[in-house]
Amino acid sequence: MKANEQVLNRYIKDIPEDLSENVPTMKEKVPTNLTMKQKDALKKEGKEPETDLNDTVLLPRFKCVTSHTARHTGIPNMYLSHN
């Protein structure tokens, strides 16, 4: 089975969300940009995203993880742990 990057990114967020129960920094809200799909979903639900004083959108860190993030942290961590 072949997965495209968008599908992978949708499912990869589940891992850090589960980890956020034991790793409090994963729940911290960080500034980010929303994708068009995220903006449309919020608009459809009639919700406004949480923002800071500069109107920058804030999301929990676990919602910002993508395949790019996983590659750039996972590979060095595996190298450093000699696995």
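## Basis of the description

Helices (H or I, at least four residues) and strands (E, at least two) are DSSP runs, numbered from the N terminus. The model is predicted, so local features need pLDDT of at least 70 and side-chain atom pairs count only at pLDDT 80 or more, while totals for chains, interfaces and linings use all residues. Residues are numbered from 1 along each chain as its sequence is written, and side-chain values use heavy atoms, with hydrogens and water left out.

## Strands β1 and β2

Strand β1 covers residues 29-32 and pairs with β2 in the antiparallel sense over 4 bridges; two strands pair if DSSP finds at least two bridges between them. Lys 29 stands opposite Pro 60 in β2, and Pro 31 stands opposite Leu 58.

In a regular strand the side chains alternate between the two faces of the sheet. In β1 the covered face holds Val 30 and Thr 32, and the uncovered face holds Lys 29 and Pro 31. Strand β2, residues 57-60, is covered on both faces. Val 57 and Leu 59 are buried on one side of β2, and Leu 58 and Pro 60 are buried on the other.

Asn 9 is found in helix α1. The relative accessible area of Asn 9 is 16%, so this residue is buried. Not counting residues up to four places away in sequence, Asn 9 touches Thr 66 and Ser 67, where contact means heavy atoms within 4.5 Å.

Helix α3 has 10 residues and is hardly covered: the count of buried residues among them is 0. Just after α3, Gly 46 takes a positive phi of about 75°.

Helix α4 has 14 residues and reaches 20 Å from its first C-alpha to its last, close to the 20 Å expected at 1.5 Å a residue. The expected span is 1.5 Å times one less than the number of residues in the helix. Thr 69 is found in α4. Thr 69 counts as partly exposed because its relative accessibility is 30%. Not counting residues up to four places away in sequence, Thr 69 touches Cys 64 and Gly 74. Thr 69 and Val 7 are 62 residues apart in sequence and 15 Å apart in space, C-alpha to C-alpha. Just after α4, His 82 takes a positive phi of about 65°.

## The loop between α3 and β2

Thr 51 lies in the loop between α3 and β2. With a relative accessible area of 36%, Thr 51 is partly exposed. Leaving aside neighbours within four places in sequence, Thr 51 is in contact with Thr 56, Val 57 and Leu 58. The C-alpha atoms of Thr 51 and Met 78 are separated by 35 Å, with the two residues 27 apart along the chain.

Asp 55 is also placed in the loop between α3 and β2. Most residues other than glycine have a negative phi, and most peptide bonds are trans. Asp 55 has a positive phi of about 60° although it is not a glycine. Asp 55 is exposed, with a relative accessible area of 61%.

## Pockets

Grid points are joined across faces, edges and corners, and a volume is the space filled by probe spheres set on the points. Ala, Val, Leu, Ile, Met, Phe, Trp, Tyr, Cys and Pro count as nonpolar, Asp, Glu, Lys and Arg as charged, and the others, Gly among them, as polar.

The largest pocket has a volume of about 780 Å³. Its lining has 24 residues, of which Lys 13, Thr 35, Lys 37, Gln 38 and Lys 63 lie nearest the centre. Helix α1 (5-12), β1, α3 (36-45) and β2 each supply at least two lining residues of the largest pocket, and α3 gives the most, with 5. By class, the lining of the largest pocket has 8 nonpolar, 7 polar and 9 charged residues.

The second largest pocket has a volume of about 160 Å³. Its lining residues are Ile 12, Ile 15, Pro 16, Leu 19, Met 26, Val 65, Thr 69, Ala 70 and Thr 73. Helices α2 (14-19) and α4 (67-80) each supply at least two of the residues lining the second largest pocket. By class, the lining of the second largest pocket has 7 nonpolar, 2 polar and no charged residues.

Technical notes:
Buried < 20%, exposed > 50% of the residue type's maximum accessible area, 1.4 Å probe, protein only. 1 Å grid on protein atoms, 1.4 Å probe; cavity = no way out; pocket = protein on both sides within 12 Å on 5 of 7 lines; lining within 4 Å.
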